[in-house]
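Please have the view open beside the text.

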Amino acid sequence: MTTQTDKAGQFLDLHRPGNPLLLPNPWDQGSARLLASLGFQALATTSSGFAATLGRLDGSVSRDEALAHAAAIVAATELPVSADLENCFADDPGGVARTVTLAADTGLAGCSVEDFTGDDDEPVYDIGLAAERVAAATEAAHAGPARLVLTARAENYLHGRPDLADTITRLQAYQAAGADVLYAPGLTSLADIRQVVTAVDRPVNVLAMPGAPAVSELAEVGVSRVSVGGAFALAAVGALAAAATELRDKGTYGYLANSAAGRQAVQRAFS
């Protein structure tokens with residue numbers, strides 16, 4: 001059985017510039033097992049996808065709930081798992097470190113910390129505090145025998161601050177604070193992504209989203225990881241809503257074609 005230390009090392013080794021790790025985000029144990037059966041090499045949790053399973057919006061999950069969910073995803077397969085821990089459920093560096101320490105106890109191979117405050121008026125932490133938070137997260141992630149892979153996220157583009165220069169400055173500060181992987185979700189311009197990759201000396205993750213370059217283009221500019229966030233979970237929810245609407249409004253069963261494909265996927269993954 002692969003140890004947590006092995007998984008953490010394996011996870012970091014999968015970050016290869018120009019040959020990006022495709023990192024899908026399951027939302028429960030079943031989706032984790034299905035994605036593993038399709039040949040993916042690692043998994044990551046999604047805060048928005050998990051929140052949806054609880055009937056909530058993103059940002060409404062507690063630390064205990066997020067950690068229990070991470071442990072469940074870890075237990076579902078033998079693949080390395082990285083956890084989306086939002087802002088680590090704390091403003092102060094000490095609280096961030098505590099969250100990462102608890103995360104390490106779940107068997108994770110990695111986790112992330114973002115600089116989004118949750119406050120609409122001041123959505124991103126001051127860069128000095130943000131770097132201190134990353135430093136605390138990194139120290140906690142690297143303190144145990146597994147040496148979790150710490151991903152530091154600069155959230156400008158997701159929260160109405162499309163400032164590339166500030167985003168790069170933040171990522172450079174997070175690199176200096178010890179982060180293993182850097183991530184600025186929301187970037188869609190290939191030229192901007194290239195600038196980020198060349199401005200730092202750590203693997204860079206890109207979020208697959210509308211308008212984002214194809215994986216082949218991201219590979220050409222040296223991206224090391226591509227994740228999907230809550231997109232797979234919301235695609236599943238969208239399929240459910242469409243099927244239910246068809247039944248309610250038309251009384252027809254066109255959705256059964258997709259359910260047949262789903263049944264086959266389940267039988268292959270779970271048998």
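The side chain of Ser 47 makes a polar contact with the side chain of Asp 84 at 3.1 Å. Here a polar contact is a pair of N or O atoms within 3.5 Å; within protein, one must be able to donate a hydrogen and the other to accept it, and residues adjacent in sequence count only if both atoms are side-chain atoms. The Ser 47 side chain also has a polar contact with the side chain of Asp 58, at 2.8 Å. Ser 47 belongs to helix H3 (residues 47-53); helices (H or I, at least four residues) and strands (E, at least two) are DSSP runs, numbered from the N terminus. With a relative accessible area of 10%, Ser 47 is buried, where buried means under 20% relative accessible area, exposed over 50% and partly exposed in between (1.4 Å probe, protein chains only).

A word on the basis: this is a predicted model, in which local features need pLDDT of at least 70 and side-chain atom pairs count only at pLDDT 80 or more, while totals for chains, interfaces and linings use all residues. Residues are numbered from 1 along each chain as its sequence is written, and side-chain values use heavy atoms, leaving out hydrogens and water.

Ala 83 sits in strand E3 (residues 81-84) and is buried, at 2% relative accessible area.

Next come the salt bridges, each a side-chain nitrogen of Lys or Arg within 4 Å of a carboxyl oxygen of Asp or Glu. The count by this rule is eight, including these:

| Salt bridge | Closest N and O atoms |
|---|---|
| Glu 65 and Arg 56 | 2.8 Å |
| Arg 161 and Asp 166 | 3.7 Å |
| Arg 170 and Asp 166 | 2.8 Å |

Glu 65 is partly exposed at 27% relative accessibility, and Arg 56 is partly exposed at 32%. Arg 170 and Asp 166 are four residues apart in helix H7 (residues 164-176), so about one helical turn separates them. Through shared partners, salt bridges join Asp 115, Arg 161, Asp 166 and Arg 170 into one network. Arg 170 is buried, with 4% relative accessible area, whereas Arg 161 is partly exposed at 30%.

What about the loop between strand E4 (110-114) and helix H6 (127-143): which residue lies there? Asp 121 does, and its relative accessibility of 66% counts as exposed.

Finally, Leu 256 lies in helix H11 (residues 256-270) and is partly exposed, at 43% relative accessible area.
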